[in-house]
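Subject: Structure for your review

Dear colleague,

Please find below the structure that I am handing over to you. My notes on it come directly after.

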Amino acid sequence: ILNTLDLHSQNSVEGFNPVIRGGVSIGLMDFQNNGKIILGSGDLKIASGTSINGVARLNLDGSIDKAFNFEASIEGGLICDLIVQSDDKIIIGGQNMFDEFSNTPIARFNPDGSIDSSFSVNISTSGIVRCVPVANDKLVIAHFSNTSDISSLIRINSDGSLDDTFDSGLGFDSGFGIEIFDIVAQDNGKIIIVGDFSSFDGQEVGNIVRLNEDGSIDNSFNVGSGPSDSGFPSIYSISLQSDGKIVLGGNFDSFNGIATNNLIRLNPSGSVDTNFIISGAVFNTFGSSSITEVEVLFDNDILIGNSYDLISLNNDGSFKNSFKPGIINREKTVGLSKPIVIKQSDVGNLYIGGSFSEYNNNFRIGILELDEFGNVTDFDPQLGGIPYIKAIRVQDDGKNLIGGDFIAVNDLIENNLAS
């Protein structure tokens with residue numbers, strides 16, 4: 001598709017006004033109690049025609065909530081995690097952000113986006129990787145040390161002070177390449193962490209570990225040899241069922257010696273749930289591709305996805321025929337915590353975020369909403385990042401040929417070149 005930019009119309013400011021949108025990667029979202037959506041992305045600059053500084057709030061219909069005014073600056077920074085607390089306050093963690101706080105890696109904001117001055121963190125770290133809320137509005141945080149290795153886990157109190165009753169010992173194995181991809185908190189106060197790591201507090205754990213409330217390893221959780229792969233096994237995503245079972249997605253061809261294809265379900269004890277029989281459709285759709293996101297829905301159906309595909313499974317692992325599979329037109333993945341994120345709101349609305357411009361031939365940038373059958377709804381906040389026009393050439397007919405980093409002109413998909 002080519003969109004015409006008429007050079008002669010530049011004589012009139014009103015006549016020459018192409019709306020050019022850059023790509024935007026929505027890897028983080030959460031919901032406030034009223035169902036409104038908080039989005040976070042370092043390259044989020046436009047929503048429904050309104051200028052945005054990396055964090056925005058959307059109404060249920062996808063329009064921008066202009067009553068939300070994010071007071072901080074994240075220009076040039078990387079948002080690694082975003083959490084809405086039970087009181088609707090917003091925690092944002094990352095790297096090289098928040099000039100207002102001397103580049104602290106974590107800050108809290110009131111429900112309207114204003115800075116929460118009652119929250120002050122004073123920890124020796126250069127970046128936050130993941131955080132998860134636990135009881136009493138405390139946060140468990142995985143963070144970088146000043147040498148850029150994953151250092152350890154800490155827990156902070158509701159005011160941001162360090163909670164000395166949580167002790168993770170030696171933390172993760174040292175060295176570059178250690179990654180924490182997901183953390184979840186169980187109802188019993190224990191937390192499960194997955195990623196690329198082989199030991200925790202000096203004990204071999206194999207890409208997954210469960211900790212007690214005090215930060216010590218829960219040795220009653222035993223995954224055996226854990227994931228394995230001919231290359232480098234990783235666990236990218238974790239989601240909990242209401243019965244305590246644990247669904248994992250990643251890059252592995254077996255788990256504790258049992259053959260699988262990047263997806264497994266564990267019993268609460270850590271043993272493999274052999275009643276979860278993965279449908280052949282999963283193998284056919286994903287092939288050898290990793291599964292980077294899993295989400296257990298309220299009805300215990302399971303959505304799984306990666307950079308290219310999204311499918312739904314019944315709770316026994318069989319393919320859910322009533323849900324339309326999704327084909328994703330991926331854009332960039334740089335700076336994303338995950339290529340795709342799946343979230344279900346408290347009222348059951350299903351949202352997909354990521355780095356894409358199309359989903360099943362529907363033009364959507366960065367975020368979309370699906371109905372219960374997998375169809376794209378009218379929800380469209382019209383997000384955009386910063387477009388970079390690298391070259392302009394005037395053709396013989398007086399029209400402009402532009403090239404650069406952008407994905408749409410006047411909401412027609414152009415993929416970096418337009419005439």
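The notes below go from the whole chain to single residues.

Overall picture

Please bear in mind that this is a predicted model. The protein has 419 residues, of which 55% are buried. Its secondary structure consists of one helix and 38 strands. Among contacts with a separation of 6 or more, 46% join residues 24 or more positions apart. The accessible surface amounts to about 17600 Å², and carbon and sulfur atoms hold 46% of that area.

Confidence

The mean pLDDT of the protein is 80, with 75% of the residues at 70 or more. Residues 1-20 stay under 50, and the model gives this stretch 47 contacts beyond four places in sequence. The pLDDT is also below 50 over residues 413-417, a stretch with 25 contacts in the model beyond near neighbours in sequence.

In soluble globular proteins, nonpolar side chains tend to be buried together. In this model, the largest nonpolar core comprises 19 residues, and M29, I37, L39, L44 and L383 have the most contacts inside it. Strands β2 (28-31), β3 (37-40) and β6 (55-58) are the elements that contribute two or more residues to this core. A second, separate core contains 17 residues, among them A142, F197, F200 and V205.

Aromatic pairs

Seven aromatic pairs were found in a search of the whole structure. In one of them, the ring centres of F31 and Y351 are 5.6 Å apart; their planes stand at 40°, so this pair is classed as tilted. F31 belongs to strand β2 and Y351 to strand β29 (residues 350-354), so that the pair links distant parts of the chain, 320 residues apart. Both F31 and Y351 are buried. Together with F379, these two residues form one aromatic cluster.

F172 and F200 make another pair, with ring centres 4.9 Å apart and planes at 80°, which means that the pair is edge-to-face. F172 sits in the loop between β12 (150-156) and β13 (179-185), whereas F200 is in strand β15 (residues 199-200), so the pair ties together parts that lie 28 residues apart in sequence. The relative accessible area is 4% for F172, which is therefore buried. For F200 the value is 0%, and F200 is buried as well.

Two loop residues

T260 is located in the loop between β22 (258-259) and β23 (263-266). Its relative accessibility is 10%, so T260 counts as buried, the limit being under 20%. A polar atom of the T260 side chain lies 2.4 Å from the backbone oxygen of L263.

S307 is placed in the loop between β25 (302-305) and β26 (309-313). With a relative accessibility of 11%, S307 counts as buried. Setting aside residues up to four places away in sequence, S307 touches T292, I328, R330 and P339.

With kind regards

Methods: Residues are numbered from 1 along each chain as its sequence is written. Side-chain values use heavy atoms; hydrogens and water are left out. Helices (H or I, at least four residues) and strands (E, at least two) are DSSP runs, numbered from the N terminus. Buried means under 20% relative accessible area, exposed over 50%, partly exposed in between (1.4 Å probe, protein chains only). A polar contact is a pair of N or O atoms within 3.5 Å; within protein, one must be able to donate a hydrogen and the other to accept it, and residues adjacent in sequence count only if both atoms are side-chain atoms. Contact means heavy atoms within 4.5 Å. Accessible areas come from the Shrake-Rupley method with a 1.4 Å probe; for residues, only the protein chains shown count as cover. A nonpolar core is a set of buried Ala, Val, Leu, Ile, Met, Phe, Trp, Tyr and Cys residues joined through side-chain atoms within 4.5 Å. pLDDT is the predictor's confidence in each residue, from 0 to 100. Rings of Phe, Tyr and Trp (its six-membered ring) pair if their centres lie within 6.5 Å; planes under 30 degrees apart count as stacked, over 60 as edge-to-face and the rest as tilted.
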